[in-house]
Amino acid sequence: MITQVTKGIKISVDTSFEGTFFKNYKMHFAFGYTITIENQSKDSVQLTSRHWRIYDALNDMELLDGEGVIGKKPVIRPGETHTYSSGCLLASPIGAMKGHYNMVNFSSTEQFRVYVPTFKLSAPFALN
């Protein structure tokens with residue numbers, strides 16, 4: 001599990017290989033990831049949007065921006081966590097992701113970024 005803390009918000013990432021399948025006459029490798037966002041600060045925060053950089057060993061980097069996470073803009077109170085699972089498809093069995101969440105501190109109305117550390121995506125058969 002990979003972890004990182006930014007401004008009192010701890011991000012933990014766990015990944016899994018979900019399998020392979022054909023789509024549009026091409027082999028794809030499916031990966032899942034579960035992210036836990038833990039508020040270790042003294043203020044309530046809200047996650048408003050996300051930014052991802054998805055790296056595939058065979059392709060260029062893909063940028064992905066969107067509102068919230070999986071259709072939600074969670075409010076996370078001090079000491080609470082928000083966990084969600086999602087996934088991505090790669091054209092190769094090895095890749096990585098990193099990014100950030102845009103958040104708002106309810107006490108100060110400050111907008112800030114919480115960084116998601118780079119996490120590797122790799123199919124078990126692709127590693128020695």
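At 32% relative accessibility, Glu-110 counts as partly exposed; buried denotes under 20% relative accessible area, exposed over 50%, and partly exposed the range in between (1.4 Å probe, protein chains only). This is a predicted model, in which local features need pLDDT of at least 70 and side-chain atom pairs count only at pLDDT 80 or more, while totals for chains, interfaces and linings use all residues. Residues are numbered from 1 along each chain as its sequence is written, and side-chain values use heavy atoms, with hydrogens and water left out.

Glu-110 and Lys-7 are joined through their side chains by a salt bridge of 2.8 Å, N to O; the term requires a side-chain nitrogen of Lys or Arg within 4 Å of a carboxyl oxygen of Asp or Glu. Lys-7 belongs to the loop between E1 and strand E2 (9-23), and Glu-110 to the loop between E8 and strand E9 (111-122), so the pair ties together parts that are 103 residues apart in sequence. Strands are DSSP runs (E, at least two residues), numbered from the N terminus. Lys-7 is exposed, its relative accessible area being 54%.

## Other salt bridges

By this rule there are three salt bridges. One of them links Asp-43 to Lys-42 at 3.7 Å, N to O. Asp-43 is buried at 15% relative accessibility, whereas Lys-42 is exposed at 71%. Glu-67 also forms a salt bridge with Lys-73, with 2.8 Å between the closest N and O atoms. Glu-67 is exposed at 55%, and Lys-73 is partly exposed at 41%.

## The open sheet

Four strands, in the order E1-E2-E3-E7, make up an open sheet with antiparallel pairing; two strands pair if DSSP finds at least two bridges between them. Strands E1 (2-6) and E7 (81-90) stand at the edges, each with a single partner strand, so one side of each has no neighbour in the sheet. From one strand to the next, the twist averages 25°, with axes fitted as lines to C-alpha atoms and angles running from 0 to 180 degrees between N-to-C directions. Strand E3 (residues 26-39) pairs with E7 over 10 bridges in the antiparallel sense, and Ile-37 stands opposite His-82 in E7.

## Strand E4 and its partners

Strand E4 (residues 45-56) pairs antiparallel with strand E6 (residues 75-76) over two bridges, where Val-75 is the bridge partner of Gln-46. E4 is also joined to strand E8 (residues 94-105) by 11 antiparallel bridges; Trp-52 has Gly-99 in E8 as its bridge partner. With strand E5 (residues 59-67), E4 pairs antiparallel over seven bridges, and two residues separate E4 from E5 in a hairpin.
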